[in-house]
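Student: I would like to learn how to read a protein model. Could we go through one together?

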Amino acid sequence: MLRISIFIGKLIQKISRLRGGGSALPGLVVERINPSFVKKVLSKLPRGVAVISGTNGKTTTTKIVAELLEKQGLRVFTNNTGSNFVRGVISAILENISISGKFDYDIAVLELDEAHAVKFCQAAPINYALLLNVQRDQLDRFGEIDHTADLLQKVAAAADRDVILNREDPRVSKITAKNPAYFGLSEELLAQFPSDDDLIESSEIKVSDKPAKVIMDKLSGSHATYIIDGKSFDADLTLKGIYNAFNAAGALALCAAICDDESKNESLVQTLSSVESAFGRGEVLKINDSEVEILLVKNPSAFQLSIASFADDSYDFMIVINDNYADGRDVSWLWNVDFSPLSKVSMVSGVRAYDMALRLKYENIEIGEIEEDLEKAINDFTKGSKRPKRIFTTYTAMLAIRKIISGKSIL
Amino acid sequence: MIINILHLYPKNMNLYGDHGNMLALKRRLEWRGYEVNVIHHDPGDELPEDIDIIFGGGGQDSGQTVVEDDLKIIAPKLKEFIENGTPTLVICGLYQLFGNKFVTYEGHEIEGAHILDISTTGGEVRLIGNVLIDTPDFGEVVGYENHSGLTYLGDGVKPLGTVITGDGNNGKDKTEGVIYKNCIGTYLHGPILPKNPKITDFLISKAIEKKTGKAEALKELDDTIELKAHEVSSKRPR
């Protein structure tokens, strides 16, 4: 049955690729004809399966974990196709498994959406979990924030080895597991990280009483200090943004748990220094006359942390807000972000350009131009001044920006 | 002139950018030269005497239970304010709790504040998406709904408007929200006020009228961005 599934899956993959189709169909078909496919393939992996979930930072954190483990000599299977549904994992397996069923990996490191992580755990056994945060997402996808925390609790319960939890997130730190381990922040850094509840109402900083396997102790520019199992290590990060640096602490904790060998901690941190951000997570592009940093903002907490990291008067800013299905139809969340660190936004664009402009107007922030047409907006924004630029963008707008830039062959 | 705005349960009822409503009230008062004083009311606090506008938002279920007990205590005084014409806006969760009762889907009955003659029962599915309604007082109103409670109006109140797209109060009778004296209850997040400046200005002008004893026209503001955002929202898919 396994071989038949692989054959059919690969066949559909070839056909749909010839027709220029997407990556989900082969996964969908195999999921239907052989529901135990994922379980059969992944349960054979000698070092098991690790699942990474949470609202923000999954893609970059998964990339960090995969690169760190690869450097340790492990053959890592990961779903870097961007489809973090069960069927996306199946499609990724089909691409990497031989027709005879040979799947040459030691460990799977999988990025899964909260709701799909639960479905995945029902389809296949998992060994490790890294749970990053529960933040107000576009709430129309799951209903309510407490529900999302319940989903992650189910993922934690399914992992039979280590579960790495963010002790600074009030909802994640409450999650119970057989073998919990925590990552956290020093008291000094805690003040720089608004929790999701702090976005609503400033509250006192609470220092967690949970012992952390990994603590991000200091962060100054790109220089970070992590304490792993009580020992301090320095890293000069290529990754941008304080939230990426913090999620890296979670990645280190997971990798340290998987390696289970303290002598490897130093080389884990060394590898971390050279890991780069994923597209739209701080990548710098040259467009027209300008160097432009693309910053993905999917929800208020990501937006808030991004503004905290990147508001800087020597930069010009553009914000692009779409409300397509993958972004979430609801744009209310823009009102939960504090934009006051920005003194001016030069360009506002996207389907919901006017919603964004309205938000800025009520914060008394100067708006340069409002242009709903994204291509025109990007052009106007990047022409003329050579000042460095930053674009905050929602998910589908980020994809559209990528398309516009590659179409102009200036990428 | 100082306008006192009471913000009910800002810590517990804080979903969907409802705080943007506070900002809309505050700025549109400031832009017209008024001073604004925001008073937060959290469970256990005492209600002040001098209130010009009341606002309360929606919350997740865990926020709602903490609020229920406190609301029982302040309900008589809140009712007095609203009976006396204090302009008020309550959204979603607090809209439901301002009514007579809320019967959960499991059949558990929660006593309301009996301020608005409405009753709510928990529904099986969530009603989620963009909403457009037609109102006699404010024209077309846009917003975003996400609720499982189904609200039905009693005889003593009239709906805020009629649903054009979306579900509104209960998905059946085409009504959305309620208006009673100067109190508006609604399921519309968005937040509702920034993109529907006519409602914001209604609350403001009623507050000033009540304070000064005479009705006068508000100073005009440039609402180009507000109206454009309203127009875009009204055309987006559910």
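Tutor: We will take sheets, helices, a chain contact and a single residue in turn.

Tutor: This is a predicted model, in which local features need pLDDT of at least 70, side-chain atom pairs count only at pLDDT 80 or more, and totals for chains, interfaces and linings use all residues. Residues are numbered from 1 along each chain as its sequence is written, while chains are lettered from A and ligands numbered from 1 in the order in which they are written.

Student: In what order do the strands of the open sheet of chain B stand?

Tutor: Helices (H or I, at least four residues) and strands (E, at least two) are DSSP runs, numbered from the N terminus. Two strands pair if DSSP finds at least two bridges between them. Here six strands follow the order β2-β1-β3-β4-β12-β11 (chain B), and the pairing is mixed. At the edges are β2 (35-41) and β11 (178-180) of chain B; each has a single partner strand, so one side of each is left without a neighbour in the sheet.

Student: In which sense do β4 and β12 of chain B pair?

Tutor: Strand β4 (residues 88-91) and strand β12 (residues 183-186) of chain B are parallel, with four bridges. Within this pair, B:Val90 is opposite B:Gly185 in β12(B).

Student: Which strands does helix α1 of chain B touch?

Tutor: Contact between two residues means that their C-beta atoms, placed from the backbone, lie within 7 Å. Helix α1 (residues 19-30) of chain B packs on the sheet and touches β1 (2-8), β2, β3 (53-56) and β4 of chain B.

Student: At what angle do the axes of α1(B) and α5(B) cross?

Tutor: Axes are lines fitted to C-alpha atoms, for helices over the stretch in contact, and angles run from 0 to 180 degrees between N-to-C directions. The axes of α1(B) and helix α5 (residues 197-212) of chain B cross at roughly 65 degrees and come within 10 Å. Residues B:Ala24, B:Leu25, B:Arg28 and B:Leu29 of α1(B) meet B:Thr200, B:Asp201, B:Leu203 and B:Ile204 of α5(B).

Student: Which residues of α5(B) are buried?

Tutor: A residue is buried if 20 or more other C-beta atoms lie within 10 Å of its own, exposed if 12 or fewer, and partly exposed in between, with C-beta atoms placed from the backbone. The buried residues in α5(B) include B:Ile199, B:Leu203 and B:Ile208. After α5(B) comes B:Gly213, with a positive phi near 85 degrees.

Student: How many residues of chain B are in contact with chain A?

Tutor: In chain B 31 residues are in contact with 23 residues of chain A. Among the elements of chain B that give two or more residues to this side are α1, α2 (61-83) and β7 (118-135).

Student: What sheet does chain A have?

Tutor: Chain A has an open sheet of nine strands, in the order β2-β3-β1-β4-β5-β6-β7-β8-β9, with mixed pairing. Its edges are β2 (76-78) and β9 (231-236) of chain A. Strand β4 (residues 128-131) and strand β5 (residues 162-166) of chain A pair in the parallel sense over three bridges, and A:Ala129 has A:Val163 in β5(A) as its bridge partner.

Student: Is A:Leu25 buried, exposed or partly exposed?

Tutor: A:Leu25, in helix α2 (residues 24-33) of chain A, is partly exposed because 17 other C-beta atoms lie within 10 Å. Apart from neighbours within four places in sequence, A:Leu25 is in contact with A:Ile12 and A:Ser16.
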